[in-house]
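Reader: I have a model open and would like to go through it piece by piece. Can we start with the sheet and work outward?

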Amino acid sequence: MAAEATAALRYGTLLLSAGSSGYRVIRAVKRCARSLGFSDADVLVGFNTISCTFHKGNEFRTVVANVPLPGVNASRIEALESGSHGFLQEYHTAEEIDEYLDQIESIPSPRWGIVTSMIAAGLACAGFAVLNQFGYEMALFVFFAVLAGKFVRIKLHDERFNVLGITAVSALTATGMFFLLVRIFPTSSDLSPGFIASVLFLIPGFPLFSAFVDLSRFDFTSGIPRLVFAAEVITVIMLTVTVVTMLSGTPEAPAQTIIVDWEYFLSGAVASFVSVGGFALIFNSSKRMALIAASVGMLANLGRLALLTVGARGFLAAFLAALFIGLVGSLACRAARIPRVSVTIPASVVMIPGPAIYASVYNFALGETALALTKMTDVVLVVLYIGGGLAIARMITDKTWAFEHHIDFNKKLGGAPHPR
């Protein structure tokens, strides 16, 4: 049983380290255990730990693994999820499972080189700046600032530096470069608030929204650690940005005036498409996955912008957009046979309200805690409603997720009969 148990555990470990939700990891491990001839499996998934007990008649074996902090690899999730629904629907030996996993691990990771990743991050954050009405000049400065921040992040990650340290140094580099560019190339308008957009590539979108999905199913062992991890990273970003705000003397953001015309919606559509596509590439998605995510995100954001123009509250508009992303994204992903997280999460990240984040940071720097918390509440509400929209869409489109259908170990699989 040792070889079979280790092979099934390895399947779950690869999926967990790629950033998949606890629910998907549990189901994949159980399908793998069934394919290997086990009669049952108990799987407990945390944020970076996985514990499995496999049963075969009256015998059982427990195996445990502690993986490095999960990253984001949408392409690997796609390959493993595809195998879960295809390859694992037949009986296999441990050697065959390991050979299949070797092929998946041989796929280059990260999928994109450092230059492509830097450009994707720059375009994603520049699109976010346009989407939040920060202006085109600001978006240009954000693009070059993010190039520097992303480069530092990649190099520190390659050296296996502490994650929170990477976040702080990268945020400091990106915001510092932004203010340097503003000083070197002065413009007629105040561009200071745009430095918020230059740190968006550091937001842990995958663990944040995956945590909401796990918690909505009461998978506390997976959801709570993910949420705590995301909160830690976001706190470090906010602390770093607050210090930069105090040192730079950044002025208060001017009140936004939205002019509803063709340019408002055209720029919003283009910025949404570019930003979502950029984030998808950052998450190691394929070109096809990035294109689908960008298309769904563009349509959802156009609807959100339209709702904002008629006076809808920001969190309500975000909820309806997230619901649209979850519903339409599910249909698109099912047709293209790709994981839904490769579409839903990149499309959701860009809906985080940049002006409210800046106002919160600015007031924290001034010591106006009450005003800062008020603005931060607006941000939290939007994030929670985005998570709620994705969870409701998941209930509507995924019956096994909504009704907790268990893996049937008595199901007869294809291929050669496997003894139990």
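**Sheet, core and loops**

Author: The sheet is open, with three strands in the order 1-2-3 and antiparallel pairing. Keep in mind that this is a predicted model.

Reader: Which strands stand at the edges?

Author: Strand 1 (40-45) and strand 3 do. Each has a single partner strand, so one side of each is left without a neighbour in the sheet.

Reader: By how much are neighbouring strands turned against each other?

Author: By 10° on average, with direction ignored.

Reader: And which helix packs on the sheet?

Author: Helix 2 (residues 22-35), which touches strand 1 and strand 2. The direction of helix 2 makes about 155° with that of strand 1.

Reader: Go through the pairings. How many bridges for strand 1 and strand 2?

Author: Six bridges, in the antiparallel sense. The two strands form a hairpin with three residues between them. As a reference point in that pairing, Val43 is opposite Cys52 of strand 2.

Reader: How many bridges between strand 2 and strand 3?

Author: Eight, again listed as antiparallel, between strand 2 (residues 49-56) and strand 3 (residues 59-66). Ile50 has Ala65 of strand 3 as its bridge partner, and Phe54 has Arg61.

Reader: Where is Arg160 placed?

Author: In the loop between helix 6 (136-158) and helix 7 (163-184). Phe218 also sits in a loop, the one between helix 8 (205-216) and helix 9 (220-248).

Reader: Is Phe218 buried or exposed?

Author: Exposed: its relative accessible area is 60%, and the cut-off for exposed is over 50%. Arg160 passes that cut-off as well, at 76%, so it counts as exposed.

Reader: Switch to the inside. Which residues touch the most other members of the largest nonpolar core?

Author: Ile50, Phe54, Phe178 and Phe209, out of 122 residues in that core. Helix 5 (residues 114-131) supplies the largest share of the core, ten residues.

Reader: Where does this core lie relative to the domains?

Author: Between them, because domain 1 (1-106) and domain 2 (114-402) both give residues to the core. Those two domains are what the domain assignment of the protein chain gives.

Reader: How many residues of domain 1 are in contact with domain 2?

Author: 19 residues of domain 1, in contact with 25 residues of domain 2. The C-alpha centres of the two domains lie 32 Å apart.

Reader: Give me a buried residue to look at. What about Ala7, which helix is it in?

Author: Helix 1 (residues 2-17). Ala7 has 0% relative accessibility, and the cut-off for buried is under 20%, so it counts as buried.

Reader: What is Ala7 in contact with, leaving aside its neighbours within four places in sequence?

Author: Cys32, Leu36, Ala94, Ile97, Asp98 and Leu101.

Reader: Now Ser342. Buried or exposed?

Author: Buried, because its relative accessibility is 1%. Ser342 belongs to helix 13 (residues 341-349).

Reader: What does the side chain of Ser342 reach?

Author: The backbone oxygen of Pro339, at 2.5 Å.

Reader: And its contacts, leaving aside neighbours within four places in sequence?

Author: For Ser342 these are Ala74, Ser285, Met289 and Ala293.

Reader: Back to Ile50 and Phe54 for a moment. What is worth noting for both?

Author: Both are among the residues that touch the most other members of the largest nonpolar core. In the sheet, Ile50 is bridged to Ala65 and Phe54 to Arg61, with both partners in strand 3.

Terms used. Residues are numbered from 1 along each chain as its sequence is written. This is a predicted model: local features need pLDDT of at least 70, side-chain atom pairs count only at pLDDT 80 or more; totals for chains, interfaces and linings use all residues. Side-chain values use heavy atoms; hydrogens and water are left out. A nonpolar core is a set of buried Ala, Val, Leu, Ile, Met, Phe, Trp, Tyr and Cys residues joined through side-chain atoms within 4.5 Å. Buried means under 20% relative accessible area, exposed over 50%, partly exposed in between (1.4 Å probe, protein chains only). Helices (H or I, at least four residues) and strands (E, at least two) are DSSP runs, numbered from the N terminus. Domain bounds come from an automatic or database domain assignment. Two strands pair if DSSP finds at least two bridges between them. A polar contact is a pair of N or O atoms within 3.5 Å; within protein, one must be able to donate a hydrogen and the other to accept it, and residues adjacent in sequence count only if both atoms are side-chain atoms. Contact means heavy atoms within 4.5 Å. Axes are lines fitted to C-alpha atoms, for helices over the stretch in contact, and angles run from 0 to 180 degrees between N-to-C directions.
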